[in-house]
Amino acid sequence: MARNKVEICGVDTATLPVLKNQQMRELFVQMQEGDETAREQLVSGNLRLVLSVIQRFNNRGEYVDDLFQVGCIGLMKSIDNFDLSQNVKFSTYAVPMIIGEIRRYLRDNNPIRVSRSLRDIAYKALQMKEKLISEQSKEPTAAEIAQHMDVPVEDIVFALDAIQDPVSLFEPIYNDGGDPIYVMDQLSDEKNQDIQWIEEIALREAMTRLNGREKNILSMRFFQGKTQMEVADEIGISQAQVSRLEKTAINEMNKNINP
């Protein structure tokens, strides 16, 4: 089978390794004991995560190589600061740090002028945001950031909005080889935050480990809204079999999302 060879910064993306959860844990233990080789393996084994994140910024007119290098800095920071004692999947922790590093790079190269005072508040807010993510392993709200900075929440929201680039509703957020997720897909929920996008990544990753029949059943049940009986009629098995396969698939996904 021919490989789809795509080189970024001299890296053949078709040859990038994929680490399993147990391998990741073992390498983190080795790295924290001082093994530099383990750290290098963790970096190379998670470069696909950087590739999936930089697709979110494809339409900014930036060189992909530049975004990839900046994303790798975020990846290395997340590897160095990841806490194994927290029951959090590494990708859930790393994605916000990779995004933050790329956003900082884009802001520094943004031709739109923002006042110095507003920019200072925004940068301090972003630093506080990363600090809280590292401590709590979840995305803080604007109110939480404002409380820790002792700044009115309105100032935080205004400052962060001022440094954001316009985003197309049809900008792809994540693509694991199947149907991409777009910004507009995330707008129906009034409480939508970056954490939901991160959870979506975890869900998609878990689904890739299912077999074709299990994926098809979950897709029809939870994305198309069909009943078990309707699914059974469509794929030619009994309702009881659909129920059993559905439960097996959900249990398997839970193991992958919460190892």
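Residues are called buried here when their relative accessible area is under 20%, exposed when it is over 50%, and partly exposed in between, with a 1.4 Å probe and protein chains only. By that rule, 39% of the 259 residues in the protein chain are buried. This is a predicted model, in which local features need pLDDT of at least 70 and side-chain atom pairs count only at pLDDT 80 or more, while totals for chains, interfaces and linings use all residues. Residues are numbered from 1 along each chain as its sequence is written, and side-chain values use heavy atoms, with hydrogens and water left out.

## The chain as a whole

The protein chain contains 12 helices and four strands; these elements are DSSP runs, numbered from the N terminus, with helices being H or I runs of at least four residues and strands being E runs of at least two. The chain exposes about 14900 Å², of which carbon and sulfur atoms supply 49%, the accessible areas coming from the Shrake-Rupley method with a 1.4 Å probe, and for residues only the protein chains shown count as cover. Of the contacts in the protein chain with a separation of 6 or more, 59% are accounted for by residues 24 or more positions apart, where contact means heavy atoms within 4.5 Å.

| Helix pair | Axis distance | Crossing angle |
|---|---|---|
| H1 (residues 21–32) and H2 | within 7 Å | roughly 140° |
| H2 (residues 36–44) and H4 | 10 Å | about 130° |
| H3 (residues 47–54) and H4 (residues 64–81) | within 9 Å | roughly 125° |

The axes of H3 and H4 cross at roughly 125°, which makes H3 oblique to H4; angles under 35 degrees count as roughly parallel, over 145 as roughly antiparallel, 65 to 115 as roughly perpendicular and the rest as oblique. H3 passes H4 in a right-handed crossing, a crossing being right-handed if the near helix is turned clockwise from the far one by less than a right angle, and left-handed if anticlockwise. On the H3 side the contact involves Leu47, Val50, Leu51 and Ile54, which meet Val64, Leu67, Phe68, Gly71, Cys72 and Leu75 in H4. The residues of this contact of H3 with H4 divide into nine nonpolar, one polar and no charged, where Ala, Val, Leu, Ile, Met, Phe, Trp, Tyr, Cys and Pro count as nonpolar, Asp, Glu, Lys and Arg as charged, and the others, Gly among them, as polar. H3 is also mostly covered, with seven of its eight residues buried, namely Leu47, Leu49, Val50, Leu51, Ser52, Val53 and Ile54.

H2 and H4 pack at an angle of about 130°, and that makes H2 oblique to H4. H2 likewise passes H4 in a right-handed crossing, and its residues Arg39, Leu42 and Val43 meet Leu75, Met76, Ile79 and Asp80 in H4. By class, the contact of H2 with H4 has five nonpolar, no polar and two charged residues.

H1 passes H2 in a left-handed crossing. Here Met24, Leu27, Phe28, Gln30 and Met31 in H1 meet Ala38, Arg39, Gln41 and Leu42 in H2, and the contact of H1 with H2 has six nonpolar, two polar and one charged residues. Ala38, which lies in H2, counts as buried because its relative accessibility is 0%. Leaving aside residues up to four places away in sequence, Ala38 touches Leu27, Gln30 and Met31. Ala38 and Met24 are 14 residues apart in sequence and 9.5 Å apart in space, C-alpha to C-alpha.

## Around helix H7

Ser137 lies in the loop between helix H6 (116–136) and helix H7 (142–149), and its phi is near 60°, a positive value in a residue other than glycine. Ser137 counts as buried because its relative accessibility is 18%.

Asp150, in the loop between H7 and helix H8 (153–162), has a positive phi of about 60° although it is not a glycine. With 72% relative accessibility, Asp150 counts as exposed.

Ala142 lies in helix H7 and, at 27% relative accessibility, counts as partly exposed. Not counting residues up to four places away in sequence, Ala142 touches Val153, Ile156 and Val157. Ala142 and Glu154 are 12 residues apart in sequence and 8.7 Å apart in space, C-alpha to C-alpha.

Terms used: Axes are lines fitted to C-alpha atoms, for helices over the stretch in contact, and angles run from 0 to 180 degrees between N-to-C directions.
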